[in-house]
Structures are given as C-alpha cells and as structure tokens.
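Please walk through the model shown below with attention to where its parts meet, first inside one chain and then between two chains.

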Amino acid sequence: MITAGIDVGTQSVKVVVLKDSKILSREKTFSGFEPAKAAEQAFEETLKKAKVSRSDIKHVTATGAGAEMATYRDSTISMVGADAKAGAYLFPTARTVIDIGAEEARAVRCDEKGTLLNFVVNERCAAGAGTFIEAMARALEVKLEEMGPLSLKAEKASQINATCVIFGESDVVTLIHRQEPKPEIARAIYDAMADRISSMVYRLGVNPDVALVGGVAKDVGFVASLKRKLGTDVLIHDNPEFAGALGAALVASKRAGVSN
Amino acid sequence: MTSKDETGMKYLPEIPQKEIDEIRSSIKATSMKVTSENIERMKKSAPNRPEAMTYFDGIADFFGQREREIRAAKEEGKKVIGYMCMFAPIEFILAADAIPVRVHSGWYDTSKIGDRIVPVEVCPVIRSTIGAKMVGLSPYLELSDAIISTLTCDGMTKLCEILSDQKPVWTMCPPRVKDSPQSMNFWREELKAVKQKIEDLTGNKITEKKLRSAIELLQRATKAFRRLQDLRKDSPVIMGRDAMLVNQTSAWDDVKRWTQKTEELCDELEKRVQQKTWACPPDTPRVMVTGTPMVWPDNWKLPNLIEEADPQGILVADELCSSDRLLYDPVGVDEWTMDDMFNAVAERYLLTSTCPCFTSKDGNKDRINWLLDKLKEFRVNGVIYYVVRGCMLYAMEYTRIKRILDHRNVPIYYLDTEYTREDVGQMKTRVEAFLEMLKAGAEG
Amino acid sequence: MMGTIAQFLQATIAVGAVIAGALAIILGVKDRTKKISCLRIYAQTISLGVIFFGLFTGPFGLTQYPPIGNAPRDTLIGTTVFGAPFPDGLSVPTMACYYPSGRTMTCVLWQIQAYIFPFWSAGKGWGVNYVSSGLERLAIAFGLLIVMSVILGRFFCGWICPFGFYMDLITRVRKVLKVRHRNLSEGLNDGLRQLRYLVIAAVLLLSFIFGAEAIVGTQLVSGTEYKGFVYQYFSAPFCQVCPMRPLCVLVEGALGYMNLQYVFSQATGLFYEIGYYVTSLNVAVLILVTVGAFALRRFWCRICPLGGLIAVFNRFVPFKWASVIRLDKEEEKCTKCGICKRVCPPQVTEVYEGKGGDVTASGCILCFRCIEMCPYEDCLKINVAGKTVFGSRNWLETIK
C-alpha cells in the first residue's frame with residue numbers, strides 16, 4: 001500500500017511517500033510566498049521520484065502549520081502526533097521526541113507504537129526555534145552551516161544574559177565588540193537555546209531514550225549543547241527535517257488500512 | 001484638596017463623547033457579529049440542535065430583548081443591581097424586587113481600551129470590564145443603579161475603585177479562609193450590610209415572605225440547572241457550547257422565565273435520550289474545562305475549537321464560574337425564619353465556592369473534590385486547564401491538580417490565553433493534538 | 001388456645017398497621033426534605049405508645065397499689081416473654097422511665113443504679129422478688145445495653161426515646177411561634193458533650209458508695225440500710241434530677257393515671273429535693289430543659305447521660321469497630337456547603353469536618369436530618385452492617 005505524508009511548514013514543505021512502511025522517496029521545497037503552490041509542487045516532485053502516480057496513493061495525510069494548504073489531502077494530523085509516530089518508527093527505543101522547527105519547538109512522549117501520550121509546545125518564544133540560530137548567525141556574521149562546527153571548537157561559553165531573541169542579538173553584538181572569541185559566543189548561543197528547550201522537555205518529563213528531529217537536528221553545535229543540558233544522549237537520524245512528513249505518511253497508512 | 005486633585009482622584013479619564021460613541025459603535029458591531037457567528041457555528045456543529053435553544057440565542061444578544069426589558073422595568077421604577085462575581089446574594093436582590101445582572105465583560109476589544117488605565121499584566125476580564133465602562137458598551141453595566149463588587153482577587157479589588165468613578169459600588173469582602181469560625185461571622189456582617197444597602201436603594205424591605213419566595217425561585221432555577229447538567233452525563237444529547245450558553249444566560253436573564261425555558265429544553269433532551277438522537281457520536285472524546293471564566297461572546301474561542309476540531313471533541317462538563325458552577329448549589333433552608341434563611345444564603349455563597357481565591361483549613365480541597373466527582377460522573381476523557389494570562393490564582397493551583405489527575409491517569413493540558421483573537425491558530429494545533437491524544441487513548 | 005390465636009392475630013394486625021402507616025408516609029410524602037422527618041415523628045409516636053402501652057391495656061383500678069393511681073404499675077414486655085432474668089422488664093437505653101405507670105420497658109440507667117444500690121443482693125425489690133443477684137442482673141442489663149448500643153446506637157435517641165420526642169415537640173411549637181433558635185459555640189457544645197461522661201461516672205460512683213454495705217460490707221452513708229432514708233427516697237441518684245421522671249409523672253397525673261397527691265406526699269426535704277416519684281430538683285431541671293429547648297434544639301440530648309452511655313458502647317474503641325449503623329460520607333461528593341452542620345439539632349460538626357468514610361459522631365442522635373437536607377446525591381449515607389440503606393438525594397427534584 002502506498003501512502004504519502006506532507007508537512008507544510010513555515011519555511012519549507014516536505015513530502016514523504018511510503019510503500020508498505022518503507023520510504024520510497026522524499027522531497028523538500030521552500031514555501032516562499034505561496035505555500036499552497038509549493039505544497040502542490042513538492043507533492044508532484046516526490047511522486048515523480050517514487051515513480052508513482054496520484055491514483056496509486058491510497059491516502060494522503062497533511063501536517064504542519066499550513067496543513068490546510070495541501071488541498072489534495074485526505075486527512076490531517078497534528079504535528080505532535082506526527083512526531084510521535086515518526087519518532088517510534090525511526091528510533092524504536094525512543095520514548096521522548098523533541099522536534100525543533102523553524103518557528104516552533106515541541107516535545108512529545110510516546111510509546112513503542114508511536115501513540116501520543118503527552119506533549120508540550122513552545123510556540124510563543126522564537127528563542128527556542130530555528131530562526132533564533134539564523135538570527136544569531138547573522139549577528140555573528142557567520143554562515144549558518146558553519147556556526148555549528150565553529151562552536152565545537154570552544155572550550156567554554158561566553159556569558160549571554162538575555163533570555164530573548166531581540167536582546168540576545170544585542171548581547172552578541174556587545175560580545176563581538178569586546179572581541180570575545182567567536183567559537184565561545186557561538187557555543188553560548190547554542191547553550192541558551194538548549195537551556196530553553198530542555199526546560200520545556202523537563203515539563204514533560206525526560207523519558208529515555210530521547211530523540212531529536214526537525215531541521216535543527218542537523219546542527220552539530222546545538223546537538224552538543226542539548227546533550228550537555230539534558231544530561232543524556234540524543235538519538236539523531238539522517239534527514240531529520242522529514243520527520244513530520246514521515247509521521248504523517250505513517251498515520252496515512254494506518255488510516256488507509258482502517259478505512260478498508 | 002483642589003478641584004484639580006478631585007479629577008485626579010478618578011481612574012477613568014475624560015474622553016470626548018465623539019470618541020466614546022465611535023469606539024462603542026464599532027465594538028458593538030463586532031460584538032453582535034461575533035454573537036451571531038458563534039450561534040451559527042453552534043448550529044452548524046449540531047444539525048439537530050434542540051429547538052428550545054432558540055430562546056437562549058435571543059437572550060444571548062446583549063443588545064436585544066433583555067436590554068429592552070430591563071430598560072422598560074427601570075422606567076417603571078425598578079432598580080437594577082449589577083454584580084461581578086458569584087458571591088452577590090441574588091436572593092436578597094430579588095426579594096427587594098430589584099433586577100440582578102452579572103456585568104463581567106466578555107469583549108476582547110474593550111480590553112485594549114482598559115489598557116489605557118491599567119497595565120497589560122492585569123487580568124483581561126478586569127481590563128475588558130474597565131474598557132466596557134469607559135465606552136459605555138455593556139447595557140447591563142450602564143443600566144445598573146449600583147454594582148456589588150466582591151473583593152475576591154487583586155484585580156477585583158481595584159476594579160471596584162475604578163468603577164466607583166462612575167457608578168455606586170458596594171463592596172463585599174469574602175474572607176480568604178472560608179471555614180474558620182470567624183470567617184462566617186465576618187461574612188454574615190458583610191451580607192447584613194449589603195442587605196441594608198439593597199433595601200435603602202430600592203426602598204423595599206426584605207421581608208421573611210419575600211425572601212422565602214426569592215429563595216424558592218432560585219431553588220427551582222437550580223433544579224432546572226442541575227437537570228440540564230445531569231443530561232450531559234451520559235451519551236451526548238446536547239453539545240457543550242449550547243449547554244454553556246444556557247448556563248451563562250442565567251446570569252442576566254429573568255430567573256423565572258429562564259427556569260421555565262430550561263425545563264422545556266430538558267424535556268426536549270429527555271425525548272432525545274429515549275430516541276437515542278445524539279448531538280455527536282457517543283465515542284466523541286469527552287472534555288472537561290476548568291479554570292478562569294469564559295465569558296460570552298468572544299470567549300467562545302476555546303469551546304469552538306474543541307467542538308469543531310478534527311477529531312471533534314465535546315465539552316461535557318466544566319468547572320467555570322461562568323457555566324457549570326453558576327447555579328449548582330442550592331440554598332438549603334432548615335426553618336423558614338429570617339434568621340435561618342439569612343444564614344442559609346450566607347453559607348451557600350461562601351462555603352460552596354470553588355474559586356481559588358480561597359484557601360481553607362484543608363487547603364481548598366473543595367475544588368479538587370468537585371473536579372474528581374465530575375470526572376467520574378461525566379465520564380471525562382481529558383481535562384483542559386484554561387487560564388487567562390494574569391490570573392495567578394488559577395495558574396498556581398495547576399500544579400497540584402495536575403499531580404492528582406496524573407495519579408488518576410486522566411490527561412490534563414494547560415492552556416493559557418489572552419483576550420485576543422490572534423492566538424486561535426496556535427490554540428487550534430494544541431487543542432487538536434490533545435483531542436487526538438484522547439481519541440487514541442480511547443481506542444488504544 | 002383461642003386466646004393465644006386471638007392475641008397472635010391482634011399482634012399481627014397491630015404490626016401490620018404500623019408498617020402500613022410507615023409505607024404510607026414513605027410513599028405519600030413527596031418532598032424529600034420532609035420525608036424522613038415525617039417518618040421519624042411517626043416512629044416516635046408509635047414508640048411512645050409502645051413504651052407506655054400499659055396505659056391502654058390496663059388493667060385499671062388495681063387494689064395492689066391504690067395510692068398511686070388506677071393504671072398498672074407496669075405491663076412489662078421482658079417478664080412476660082423472658083421471665084425471671086428480666087424481672088424489671090426489657091432494659092432499653094432510652095428514657096422509658098421506671099417511675100410512671102403503664103410502662104412496658106425500663107430505662108437501663110435506672111436498672112444499673114438500682115442493681116448496684118439498693119438491690120445488690122437477691123431478695124425483695126419494689127413490688128418484685130429478685131431471685132438473681134444484683135451482679136447477675138447488672139450483667140444482663142449491661143449485656144443488653146451493649147448489644148443495643150452496638151446494633152442501634154443512638155438510633156434510640158432519634159427515633160424511639162419519648163423525651164427526644166418531647167424535645168422535638170418543643171421544636172415544633174417554637175417553629176409555629178416563629179421563634180428562632182440559638183446555637184452554642186462549638187467549644188461549649190463539646191464541653192457539654194464531655195460532661196455526660198462525668199455525670200455517668202459520678203452517678204455510678206454515688207451508687208457504689210450508697211451500696212457499700214452490700215458490696216464490700218461497710219456502710220458508708222447512713223440511711224442506706226434496708227428501709228433507711230436513702231434507701232426509700234434517694235436510691236437512684238440520677239433519677240432525682242432527670243427531667244423525664246417529672247414529665248411522665250406529672251402528665252400521667254394530669255391524665256388521671258397517677259394520684260398526684262400521693263406522688264407529691266412522697267417528696268421530702270427542705271425544698272422537696274428528695275422523693276420517690278418526683279422531686280423539686282426534677283421539676284426544676286424539667287423547666288430548665290424545656291425553656292432551654294426553645295433556645296437550643298434537642299437541648300437535653302446534648303447532655304443526656306443515657307446518650308453518653310450509648311456513645312461509650314458505640315463510638316469508642318473497641319465497640320466502634322462493631323457498630324452496625326453508621327453515617328458514611330463520600331468525600332468527593334461533599335462541597336462543604338455546611339448545610340449538614342446548620343440543620344443538625346445537637347450541632348454535631350463531625351459530619352461536616354469529616355474527611356470521608358465513617359463520620360458517625362458521639363453527639364449524633366441519628367435523626368438523619370443531615371442526610372435529608374444534603375443536596376448532593378449519595379454524599380451522606382446510612383450504612384447498616386456495611387450496606388447502604390439510605391443516602392442523600394438531590395431534593396431539588398421534589399420541590400414544587
């Protein structure tokens with residue numbers, strides 16, 4: 001049975017096509033100003049890659065902030081529901097899944113079947129999501145993909161007092177003027193974010209194993225800080241930004257099976 | 001003190017009448033739109049909505065029938081006494097032949113007006129009421145000859161000062177510890193004082209006979225109220241929003257008529273129980289909301305989300321002083337003497353309250369016991385703990401309630417919000433996730 | 001044979017009528033806030049009739065004790081059914097006063113006093129010959145007291161005791177006159193409750209002191225010898241001050257069942273404070289209690305030592321574990337509305353304060369008013385041997 005999941009995020013659209021619980025193909029497009037079009041496009045691309053046509057797809061489930069933009073969807077699932085399913089699929093031992101997207105961070109507790117047991121969401125404060133790192137990278141005048149490796153060079157972190165993105169940015173500028181070494185500033189930035197994320201996770205309760213998905217999981221600097229703050233190891237998979245779409249596709253499989 | 005100081009002593013500024021009229025008409029238009037929208041949405045969610053609800057839809061309009069009735073009564077010389085919290089002795093007001101109306105504000109837009117006077121951190125219900133007063137939006141507030149303001153929380157305490165700039169405000173101070181022996185004595189004195197004020201304002205003495213009929217009138221209202229809530233215990237025969245609207249309208253409608261109409265609604269619902277005509281599938285996740293009051297019309301935000309979500313949920317019960325708590329407890333009179341009736345009224349208003357503004361000898365367990373009982377009786381699948389930002393009292397009680405519900409394996413989700421429409425999208429994702437969780441819990 | 005059959009039929013019809021009356025009330029009184037109270041008054045009336053049944057059956061105009069009156073001294077249930085071990089009738093922990101005519105049972109407090117002094121040894125009593133020793137009779141009396149206390153507890157006080165009925169009648173009169181009642185402070189009420197036990201102890205001690213000659217061989221108080229002053233007129237210390245005695249005696253006297261002139265002639269002392277049938281102290285206490293009952297509901301019941309005796313064998317360890325009738329509270333259903341505390345005639349607070357489970361209190365007379373008035377379903381319940389027989393209901397459903 002072939003199903004598809006689509007994650008219409010604020011920055012990008014991700015699509016995953018599954019056949020009998022195996023990933024056939026995946027595709028990512030930037031949302032831009034017309035997310036509906038981007039969603040359509042991404043879907044077409046993924047189908048092509050998988051060499052299947054629309055009629056082959058039994059069920060399409062959409063998730064993400066713009067799930068309603070996926071006009072061809074058969075159902076929707078919440079992002080935390082998708083996270084739970086994807087987490088259990090990718091990491092059978094994971095019981096806590098952290099998903100950090102561009103603008104929102106979530107933590108989810110699940111069981112081995114991917115049932116959503118509890119969740120906590122942090123969407124009000126951007127200092128706990130991907131855009132924070134982007135903004136800080138700009139302030140540091142460092143390329144986004146270089147910031148992670150840069151921070152790993154540091155032995156300790158500079159002092160950042162601000163708890164907020166806006167004030168954090170001016171803090172960083174001050175540190176640069178004081179000629180603090182960039183690796184240390186970078187590490188401080190990651191530590192601040194990891195702090196915020198881990199206090200959110202503590203509200204949920206840390207149940208090992210802990211998995212990290214979402215685009216930010218590719219950032220080695222953040223992952224290192226998070227491991228330090230949580231005090232546990234964190235499981236990471238390739239293509240972590242596709243977790244939402246994968247979870248949605250898994251849900252689609254379940255629902256297609258049920259409706260039969 | 002100079003006359004300039006006198007002006008300065010007032011909280012409320014002088015606003016040019018033109019500005020007031022502009023703001024008021026704009027917010028009034030929005031309010032009427034939201035009201036009719038909510039009703040449309042409720043009708044859409046339950047295609048077989050009971051016919052008896054039509055009456056309540058009419059009363060739900062703040063600027064409609066009820067306003068006209070109260071205005072007409074005032075012209076005939078009747079007095080209108082507004083009140084904010086549930087502690088005002090409605091029986092006394094009715095016995096003195098006055099009209100009781102609850103004047104807490106449920107308009108989002110007026111809270112921004114209130115922001116001109118008090119900080120944004122203040123409870124939005126308070127800010128909204130201040131704003132409503134500043135632009136004269138609430139018909140009931142404007143028509144009140146006096147306002148009974150109970151000093152339950154910080155916001156309420158200062159609100160009574162603010163409102164007294166333009167209205168006579170009578171304070172009632174419930175003791176923070178409900179059940180110490182001194183508390184009841186003090187509360188009785190407060191009630192005696194208010195009783196006297198009511199008699200002075202209306203010019204009517206509250207006699208034994210009148211008080212008895214007022215108490216009996218409210219007992220009949222409580223009977224109808226409980227009958228309605230009991231019908232929500234089993235399979236869903238009425239959507240939560242509809243029941244909540246019925247509950248809320250009791251706070252400003254004519255008590256006798258409201259009772260009769262609610263009984264008619266219950267008769268209709270009982271027929272549906274027999275015919276098994278459900279408002280939604282019986283396996284719909286059953287949600288209970290507890291927390292700060294959700295005042296009509298703008299605060300239907302969360303109930304709308306719950307009952308229109310995918311998967312759909314149904315509000316089967318709540319612990320809100322704007323809904324299921326309103327008329328739940330009766331006044332139990334032992335001997336129909338003035339003395340016993342007075343004590344019965346005093347005790348009913350103070351001792352039964354589950355508001356977290358209290359603590360008690362056993363640490364305010366009343367609220368927890370009430371919740372636990374309702375969880376069982378209404379077969380609740382999950383609880384949403386609803387707090388408007390700024391309410392320390394409800395926010396602080398969350399910790400303990402979460403622990404107790406965790407022990408009982410009942411999912412509980414903390415949802416805080418503001419008097420704003422901007423966070424509907426965010427709330428939607430969380431509510432839907434929670435409902436998904438409940439559905440999965442029920443299936444798995 | 002025919003006589004027995006006739007008696008059996010009479011008894012059956014009587015019992016049937018009583019049950020029919022009870023059913024009529026249970027089904028006929030719709031208002032849930034009044035149903036139990038009506039049933040209770042009915043039970044109290046029937047009890048009064050049963051306890052003083054002799055006044056109906058006679059025989060009248062006996063030659064045995066002419067100065068007393070025309071009704072029989074007693075028509076005891078105990079003796080007819082159980083014979084010798086119950087020479088003074090069935091002991092009941094209720095005020096079935098020994099002294100008036102026509103009684104069918106006997107107040108156990110009188111029996112306890114009397115069997116210590118003056119009837120410690122076998123022999124002649126008041127109009128009866130005791131074949132058993134005082135100790136044996138005491139054992140039986142206590143045995144009955146304990147069994148009844150464990151099984152029914154203060155149900156006697158709420159539903160059977162004629163003096164409780166008197167207290168309730170005063171309350172009714174007060175209500176008709178629209179006079180409001182007062183409340184004692186919790187501390188004072190508790191204090192009075194504790195006083196009961198002191199009174200019991202004092203009474204027992206006094207009886208032992210009087211009976212010292214028969215019990216330990218040395219007379220401690222003069223006049224306690226056979227036919228001595230104390231023996232004749234002061235043998236039961238508590239009965240000298242009990243308000244039930246004058247109530248019965250005076251009412252019966254007024255109705256012609258007892259000869260009041262003779263009754264008063266048996267009182268002596270400076271203020272007639274010592275006497276066989278009634279004393280001035282009795283009357284003073286009765287007046288005090290009657291007036292007090294206008295201000296405080298069930299005034300006597302708060303301090304009644306008989307109630308205290310029952311409480312000892314019902315509310316204290318180890319009897320507490322065996323007591324059959326209990327008031328049970330479901331904590332989650334309780335909203336702490338305080339109605340139970342306010343409507344309680346003897347002002348018991350344990351039902352309100354109790355956390356959950358067994359909330360039976362030593363001051364509670366099991367009148368069930370709290371259950372009747374509690375508006376939350378199944379919050380307060382009466383459990384008999386662990387099974388719920390009656391619980392609080394949403395009485396709003398039955399108001400007009």
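In this predicted model, 16 residues of domain 1 of chain A are in contact with 29 residues of domain 2 of chain A. The residues that domain 1 of chain A contributes to this contact with domain 2 of chain A comprise nine nonpolar, four polar and three charged ones. The division behind these counts assigns 1-91 together with 239-260 to domain 1 of chain A, while domain 2 of chain A covers 92-236. Taken over C-alpha atoms, the centres of domain 1 of chain A and domain 2 of chain A are separated by 26 Å.

Turning to area, domain 1 of chain A and domain 2 of chain A bury about 1,700 Å² between them, and carbon and sulfur atoms give 67% of that area. On the side of domain 1 of chain A, the three residues A:V80, A:F91 and A:P240 supply 39% of the area that this domain buries against domain 2 of chain A, which is more than any other three residues supply.

Polar and charged pairs also occur across this boundary. Seven residue pairs in polar contact, with both residues at pLDDT 80 or more, are found across the interface of domain 1 of chain A and domain 2 of chain A, and the count of salt bridges between the two domains is two. The side chains of A:D83 and A:R106 meet in a salt bridge, with an N to O distance of 3.2 Å. As for secondary structure, helix α2 of chain A (residues 79-90) provides 10 residues, the largest share of the side of domain 1 of chain A that touches domain 2 of chain A.

The next interface lies between separate chains. Here 31 residues from chain C and 34 residues from chain B take part in the contact, and the area that chain C and chain B bury between them is about 2,800 Å², with 43% of it on carbon and sulfur atoms. Within the area that chain C buries against chain B, 25% is supplied by C:E332, C:R342 and C:L396, more than by any other three residues.

Across the interface of chain C and chain B there are 12 salt bridges, as well as 14 residue pairs in polar contact, both residues being at pLDDT 80 or more. C:K333 forms a salt bridge with B:D373, in which the closest N and O atoms are 2.7 Å apart. By class, the side of chain C that touches chain B has 15 charged, 11 nonpolar and five polar residues. To that side of chain C, the helices α8 (162-176), α18 (339-343), α19 (350-353) and α20 (369-373) of chain C each supply at least two residues.

Terms used: Residues are numbered from 1 along each chain as its sequence is written. Chains are lettered from A and ligands numbered from 1 in the order in which they are written. This is a predicted model: local features need pLDDT of at least 70, side-chain atom pairs count only at pLDDT 80 or more; totals for chains, interfaces and linings use all residues. Side-chain values use heavy atoms; hydrogens and water are left out. Domain bounds come from an automatic or database domain assignment. Contact means heavy atoms within 4.5 Å. Buried area is the accessible area (1.4 Å probe) that two parts lose on being put together, summed over both. A salt bridge is a side-chain nitrogen of Lys or Arg within 4 Å of a carboxyl oxygen of Asp or Glu. A polar contact is a pair of N or O atoms within 3.5 Å; within protein, one must be able to donate a hydrogen and the other to accept it, and residues adjacent in sequence count only if both atoms are side-chain atoms. Helices (H or I, at least four residues) and strands (E, at least two) are DSSP runs, numbered from the N terminus. Ala, Val, Leu, Ile, Met, Phe, Trp, Tyr, Cys and Pro count as nonpolar, Asp, Glu, Lys and Arg as charged, and the others, Gly among them, as polar.
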